[in-house]
Amino acid sequence: MPGGLCLVKKDIRILVVDDFSTMRRIIKNLLRDLGFTNVEEADDGKTALPILKQGRIEFLITDWNMPGMTGIDLLKTVRADPELSHIPVLMVTAEAKREQIIAAAQAGVNGYVIKPFTAVVLKEKIEKIFERIT
Amino acid sequence: MKKKIATLEYDGLEDLLGQMARELVTTIEEGNLAHAMELINDLQEARHQVFYNEVGHLTRGLHEAIKAFSSDIDEKILSEESAAQTAMTDASERLSYVIELTEKNSHETMDRVDRSLTLVDRLDGQSERFRDLLLLVGQLEGEFKALDGVYDRTCTVKNESEKTIEELRSTLTEILVSQSVQDITGQLIRRVITLMTQVESQLVKLMDMAAKVERLTGIEMGQAPEGDEAKDDAIRAQGPQLKKKEASAVGNQDDVDELLSSLGF
């Protein structure tokens, strides 16, 4: 396992937000491969927020296009909330327009992975985020 | 002339205008101003009538199209009671069913991948036990001449088998990740469902408008011209379309990374 992740506590609590259960499961399994087993799920921004507000989530992985509350709105809400703004956010989405990526970057995203992705890419981006914050 | 104007179609408009314009010039040259004014009136009316007749055609076509559409829906409502299978004539429902089906299938595949990964873990465990046995062989090798070289050869096999296990594990992970296509197709299908719902509600609005036009113009709806097939096609042509790649979309993860790094990431 690359050095970046060895320094990270494996018991950190991660929230995966996606409206497709298939995708949540894939991400969850890949996280498990990386040694992260403390993973919670939500199917859109609206259901994610109450979980985030409980205050134990340390890393957020979210889709963009979801009914109810989208990932970009969730990201903005998280960044605007002093209690949550420190949480690193990785966006995993099929939205691939330049303007969207720029908007996500401006909203304070920590990483951006476009679907469909490979296990290697997802792992690499997660590692990169943890490298920066540790 | 009056009768000609009443049934005037768009295609005949230019000819008639030319004809009337020439007549107007001649009449003015002859000094018959009263008749000239009459001709100008006729010209005005011709313009009016063409619009009127075209709106009539449009209304009639729309009316027929909507009738065909609602009979589709009626059929669905009727059959829903009789058989579950025919109940899915509604395109939106069918598409939702596709999402449901692929999602279920993806989960089943992932169940099997999970089970396979457990088996791989077990192989890994067995490999550990094998290592212990192998050490024993190594110790015995010195005592029994017949075992000469067996340790090295078995070690090679064991290393190969460990590599195979690793390859198997990564292939299984790839199968898992490839299930993400269900999410992508699901999103595309959802867009089409939204589009269809919009088309449906717009059509109902048009039907309402057509009914108003019908009252205003008094156009007979019963006299639908031939060519209903073409109208059916117009309704059925709302099939799903593959979203063409948008000009501003980036191609792959490398492009995303490049764009992000240009933004200081």
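Hi everyone, let me start with one residue: K158(B) is buried, with a relative accessible area of 4%. By buried I mean under 20% relative accessible area, while exposed means over 50% and partly exposed lies in between, using a 1.4 Å probe and protein chains only. Please keep in mind that this is a predicted model, where local features need pLDDT of at least 70, side-chain atom pairs count only at pLDDT 80 or more, and totals for chains, interfaces and linings use all residues. Residues are numbered from 1 along each chain as its sequence is written, chains are lettered from A and ligands numbered from 1 in the order in which they are written, and side-chain values use heavy atoms, with hydrogens and water left out.

So where does K158(B) sit? You will find K158(B) in helix α5 of chain B, residues 150-178. Helices are DSSP runs of H or I with at least four residues, strands are runs of E with at least two, and both are numbered from the N terminus. Which residues does K158(B) touch, beyond its neighbours within four places in sequence? They are S127(B), F130(B), R131(B) and L134(B), where contact means heavy atoms within 4.5 Å.

Areas come from the Shrake-Rupley method with a 1.4 Å probe, and for residues only the protein chains shown count as cover. L140(B) belongs to helix α4, residues 91-141, and is partly exposed at 32% relative accessible area.

Stepping back, chain B has 8 helices and 0 strands. Of its 265 residues, 25% count as buried. Chain B exposes about 18,400 Å², with carbon and sulfur atoms supplying 57% of it.

Now to chain A. Its elements run α-β-α-β-α-β-α-β-α-β-α from the N terminus on, which comes to 6 helices and 5 strands. Here buried residues make up 57% of the 134 residues. The accessible surface of chain A is about 5,500 Å², and 52% of that belongs to carbon and sulfur atoms.

Let's look at strand β1(A), residues 14-17. I14(A) and V16(A) point one way, L15(A) and V17(A) point the other way, and all are buried. β1(A) pairs in the parallel sense with β2(A), residues 39-42, over 4 bridges; pairing requires that DSSP finds at least two bridges between the strands. β1(A) also pairs in the parallel sense with β3(A), residues 59-62, over 4 bridges.

With helix α2(A), residues 21-33, strands β1(A) and β2(A) make a right-handed β-α-β unit. Right-handed means that, with the strands pointing away from the viewer, the path from the first strand over the helix to the second runs clockwise.

One last stop: most peptide bonds are trans. The bond from K115(A) to P116(A), however, is cis, with omega near -5 degrees. P116(A) is in the loop between β5 (111-114) and α6 (119-133) of chain A.
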